[in-house]
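Visitor: Before I rely on a model like this one, I would like to learn how its features should be read.

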Amino acid sequence: KKGKADESAKKKTRKAAKFQKAIVGMSVDELNKKKAMKTEIRQQVQAAKDEQAKKAKAATKAKAKGKATAAAPKGKAADKQKLPKAPGGAAGGKKDFKARK
């Protein structure tokens, strides 16, 4: 048609450039080091951490157990603190909706 100018060429889209960001508690360098580690080494490091955490947990549990036995009430005071059990279990297990005979 007369008044129509030639159609414009299709716009080229730019491909987004990829880059890494640091996450909370880790810098980009630390992330790259961790990525470069071999799987076996990473598993060994994780196993060592797990073992250390297990030992720490056991130590704190032993301390708490020692304190609990020392602070346990004796005599009739212990009986008064116990609450009566709710019918059907205190944990809210299976509920019996049918009337018992």
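The dialogue below takes up confidence, secondary structure and surface in turn.

Guide: This is a predicted model, in which local features need pLDDT of at least 70 and side-chain atom pairs count only at pLDDT 80 or more, whereas totals for chains, interfaces and linings use all residues. Residues are numbered from 1 along each chain as its sequence is written, and side-chain values use heavy atoms, with hydrogens and water left out.

Visitor: What is the mean pLDDT of the protein?

Guide: pLDDT is the predictor's confidence in each residue, from 0 to 100; the mean here is 75, and 58% of the residues reach 70 or more. Where pLDDT is low, the predicted coordinates should not be read in detail.

Visitor: How many helices and strands does the protein have?

Guide: Helices (H or I, at least four residues) and strands (E, at least two) are DSSP runs, numbered from the N terminus. The protein has three helices and zero strands; confidence is highest in helix α1 (residues 28–36), at 87, and lowest in helix α3 (residues 76–81), at a mean of 55.

Visitor: Why does Met-37 count as partly exposed?

Guide: Buried means under 20% relative accessible area, exposed over 50%, and partly exposed in between (1.4 Å probe, protein chains only). Met-37 counts as partly exposed because its relative accessibility is 31%.

Visitor: What percentage of the residues in the protein is buried?

Guide: Buried residues make up 0% of the 101 residues.
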